[in-house]
Amino acid sequence: MDITFPEHTNALVSERPQADVFLFNSNSNLVRTNGIRQRISIPLLSNTFHQEVQAVFQREQAQGRCNPIVVGAIPFDMNQPAQLVVPEWHERVKPLDRTFSSFVDKDFIHHASEQSFAPSHTEFLDIIEQALSSFENSPLKKVVLSKILKLTLDRKVDVPRLLSNIMAQNPSAYHFSVPLKNSVLIGASPELLLRKQGNKIFSNPLAGSAKRLDNLDADRQAAKTLANSAKDQYEHRLVVDAIRAALLPVVESLGERKESSIIATPTMWHLSTDIEATLPTVNPPSMFDLIKQIHPTPAMCGTPTVSAQHHIAALEPHQRGFFSGLVGWCDAEGNGEWAIAIRCAEVSGNKVTLFAGAGVVPDSNPESEWLETSAKMRTMLNAFGIKEDVI
């Protein structure tokens, strides 16, 4: 195993990992894996997905592995194949100490020699306007529209060093590094879709955002403005209500914080609600059943889901792939954690792709949505040490 965490930081990766090393660090667990024993590369919505997962676990248990694990990524569109693996080796231990922000690698600096947005600024404003016009004549209440930024950097990215910087700069996030076929999906998501421990499940939807500001008083005012924003509270409520409605038929009891709270990342303020539920003891849904029940949420897609997906397919000029999908793990006992794949990048050599989306509701302003998506990209630009204004 050639991925290590130096004792003096208890957090930062010091050696180059192999192409099949996976990492997921939350405030509940650190899961690290290495090697590949079996793959699951079929869509979650496939009729055979459940049987395939069960067969994988049964084969592992037949070979003496008492509680095998699958790790990987699930795409935004669950009709597309997931990339899940059973690793050769894994450990699930206590999460890393989160007091390591002093270990930011200030010498980790990249420069972009090429950059391009899809859609462009003008095209993005146009698709927002098209979405806004749809609210009048359709059941659509919210649609999440996104943009990607493709960068060519001045040198090949040192992925372990990048991961170290991501973790140091974003200590409270869900950190992940997921090997894909020809790239690595790496990031610091602020949003938990689902954690399952025994018969308890937890979700922490975020929706409604504001950019953090350098001036302390202005930053506090930005948070206050977000908390009092009718537009953002409406957007947030759509997400919470959708998750509740999806879970109620399959849980025994469900609770949530009555009012949204404000959480902060180094670059953004978000409206946040904690949801907790208890599953029935007889024939409880599996982790992947629960994912199929609630993913994608209105925070990543919109509502109603089918209408929002139709608008995304019609308006976005790019395929999301694993962006705004899920990253995480699940063991044979049904426990696991899945975070939403945002504030992340796909990295292949010196080629980098960033992603950000914004929730469009009837009161949205197109230019404000462009600025919001740009602000969300700053998390990863900071981790790469990209100082120039590429957004």
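Which strands does helix H6 (residues 287-294) lie across? In this predicted model, H6 lies across E4, E5, strand E11 (192-197), strand E12 (200-204), E19 and E20. The helix runs at about 155° to E11. Axes are lines fitted to C-alpha atoms, for helices over the stretch in contact, and angles run from 0 to 180 degrees between N-to-C directions. Helices (H or I, at least four residues) and strands (E, at least two) are DSSP runs numbered from the N terminus.

Residues are numbered from 1 along each chain as its sequence is written, and side-chain values use heavy atoms, without hydrogens and water. Local features need pLDDT of at least 70 and side-chain atom pairs count only at pLDDT 80 or more, whereas totals for chains, interfaces and linings use all residues.

The sheet is open and has nine strands. Their order is E3-E5-E4-E19-E20-E11-E12-E17-E14, with antiparallel pairing. Two strands pair if DSSP finds at least two bridges between them. Strand E3 (38-40) and strand E14 (253-256) are the edge strands, each pairing on one side only. From one strand to the next, the twist averages 15°.

Several pairings can be described in detail. Strand E19 (residues 326-331) and strand E20 (residues 336-340) are antiparallel and share five bridges. Here Leu326 stands opposite Ile340 in E20. E11 pairs with E12 over four bridges, again in the antiparallel sense. Four bridges also join E11 to E20, and these two strands run antiparallel. Lys196 stands opposite Ile201 in E12 and opposite Gly336 in E20. E11 and E12 form a hairpin with two residues between them. Gly198, in the turn, has a positive phi of about 65°. Five of the six residues of E11 are buried; buried means under 20% relative accessible area, exposed over 50%, and partly exposed in between (1.4 Å probe, protein chains only).

Helix H1 (residues 49-62) lies across E3, strand E4 (69-74), strand E5 (83-86) and E19. H1 runs at about 170° to E3. The helix has 14 residues and reaches 20 Å from its first C-alpha to its last. This is close to the 20 Å expected at 1.5 Å a residue, where the expected span is 1.5 Å times one less than the number of residues. Phe49, Val53, Val56, Phe57 and Glu60 are the buried residues of H1. They cover an arc of only 90° around the axis, so they lie on the same side of H1. The arc is that of the directions from the helix axis to the C-beta atoms. The buried residues pack against E3, E4, E5, H6 and E19. On the face turned away from the buried side, H1 carries the exposed residues Gln58 and Ala62. Gly64 follows H1 and has a positive phi, near 95°.

The largest nonpolar core has 53 residues. Such a core is a set of buried Ala, Val, Leu, Ile, Met, Phe, Trp, Tyr and Cys residues joined through side-chain atoms within 4.5 Å. Ile74, Leu145, Phe288, Ile291 and Trp338 have the most contacts inside it. Leaving aside neighbours within four places in sequence, Phe288 is in contact (heavy atoms within 4.5 Å) with Leu44, Phe49, Val53, Val70, Ile74, Leu84, Cys330 and Trp338. A second, separate core of 30 residues includes Phe108, Ala112, Ile186 and Ala383.

Gly334 lies between E19 and E20. Gly334 is buried, with a relative accessible area of 14%. Its contacts, beyond neighbours within four places in sequence, are Lys196 and Met287. The C-alpha atoms of Gly334 and Asn67 are separated by 9.7 Å, although the two are 267 residues apart along the chain.

Two peptide bonds to proline are cis. That from His295 to Pro296 has omega near -5°, and Pro296 is in the loop between H6 and strand E18 (302-303). The bond from Thr303 to Pro304 has omega near -10°. Pro304 is in the loop between E18 and helix H7 (305-315).

Positive phi values also occur outside glycine. Phi of Asn283 is near 50°. Asn283 lies in the loop between strand E17 (275-278) and H6, and is exposed at a relative accessible area of 72%. Ser324 has a positive phi of about 65°. Ser324 sits in the loop between H7 and E19, but is buried at 0% relative accessibility.
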